[in-house]
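Subject: Structure handover

Hello,

Here is the structure we talked about. Please open it first, then read the notes below it.

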Amino acid sequence: MTLFRPATFLMVQYAHYHRDRRNIATHLVGIPLIFLSIGVLLLEPTWVIEGHTVSLAWMAWALTSVWYLTRGDLLLGLATTLVNAALIALAHQVPDLSAALGLPVWQCGVALFVIGWLFQFVGHYLEGRKPAFVDDVVGLLVGPMFVVGEVLISMGLLQRMRRDIERQAGPTH
């Protein structure tokens, strides 16, 4: 099972399905939309813990954050955790938007989910490859880490990981 593999292994495995720059670009939009939508759909139930209201979305974020932070690359794990925290915080603003639109919150969550997956499938159509999660469901967790990693790599960071990805999965085209 790949669930407990290190970040570099997971990124290389995921990269085998994502070498087309157009596919990667669609993932930079689609994956955050999907993560955001899951946050919206997990806004309820909430619990009060020591005077603070905590949603199921924040609990899911905490669980995934532990996973990202234990994959062996602190920069990538921390960056992914912070980006995901921003998306969950944004998800908590959706009820105000949905009220302004006159829509139930769940409909906004479903719409974001569908739009996110449309981006994903367009990207995989352009690349001519199936999504990574089809072969390994862990790809659903790796996706957010992959897009954060792609941004960090484009900023000149994670260069050892970039070299490992390109050596094992090939360069982007």
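A polar contact here is a pair of N or O atoms within 3.5 Å; within protein, one must be able to donate a hydrogen and the other to accept it. Keep in mind that this is a predicted model.

Thr 64 and its contact

Thr 64 sits in helix α3, which covers residues 56–69. Its side chain reaches the backbone oxygen of Trp 61 at 3.0 Å. Thr 64 counts as buried because its relative accessibility is 17%, and buried means under 20%. Leaving out residues up to four places away in sequence, Thr 64 touches Phe 35 and Leu 141.

The largest pocket

Leu 141 turns up again here. The largest pocket holds about 440 Å³ of space. It is lined by 28 residues, and those closest to its centre are Ile 34, Ile 38, Leu 140, Leu 141 and Pro 144. Elements giving two or more residues to this lining are α2 (21–41), α3, α6 (105–127) and α7 (139–154). The most come from α2, which supplies six residues. What is the lining of the largest pocket made of, by class? It has 20 nonpolar residues, eight polar ones and no charged ones.

The second largest pocket

This one has about 180 Å³ of space. Its lining consists of Arg 19, Arg 21, Ile 24, Glu 150, Ile 153, Ser 154, Arg 162, Ile 165, Glu 166 and Thr 172. Two or more of the lining residues come from each of α2, α7 and α8 (159–169). By class, the lining of the second largest pocket has five charged, three nonpolar and two polar residues.

Ile 153 belongs to helix α7 and is one of the residues lining the second largest pocket. Is Ile 153 buried or exposed? It counts as buried, because its relative accessibility is 14% and the cut-off is under 20%. Neighbours within four places in sequence aside, Ile 153 is in contact with Leu 158, Gln 159, Arg 162 and Ile 165.

Leu 158 lies in the loop between α7 and α8. Leu 158 is buried too, with a relative accessible area of 12%. Its phi is positive, near 55°, though it is a residue other than glycine.

Helix α6

How many residues does α6 have? It has 23, and it reaches 34 Å from its first C-alpha to its last. That is close to the 33 Å expected at 1.5 Å a residue. Its buried residues are Cys 108, Gly 109, Leu 112, Gly 116, Trp 117, Gln 120, Gly 123, His 124 and Glu 127. They pack against α2, α5 (94–101) and α7. After α6 comes Gly 128, with a positive phi near 80°.

Backbone points to check

Most residues other than glycine have a negative phi, and most peptide bonds are trans.

- Glu 44 and Pro 45 are joined by a cis peptide bond, with omega about 0°. Pro 45 is in the loop between α2 and β1 (46–49).
- Glu 50 is not a glycine, yet its phi is positive at about 50°. It is in the loop between β1 and β2 (52–55). Glu 50 counts as exposed because its relative accessibility is 78%, and exposed means over 50%.

Best wishes

Key
Residues numbered from 1 in each chain as written. Predicted model: local features only at pLDDT ≥ 70, side-chain atom pairs only at ≥ 80, totals over all residues. Heavy atoms only, no water. Helix = DSSP H or I, 4+ residues; strand = E, 2+ residues; numbered from the N terminus. Buried < 20%, exposed > 50% of the residue type's maximum accessible area, 1.4 Å probe, protein only. Contact = heavy atoms within 4.5 Å. 1 Å grid on protein atoms, 1.4 Å probe; cavity = no way out; pocket = protein on both sides within 12 Å on 5 of 7 lines; lining within 4 Å. Points joined across faces, edges and corners; volume = space filled by probe spheres on them. Nonpolar A, V, L, I, M, F, W, Y, C, P; charged D, E, K, R; others polar. Expected span 1.5 Å × (residues − 1).
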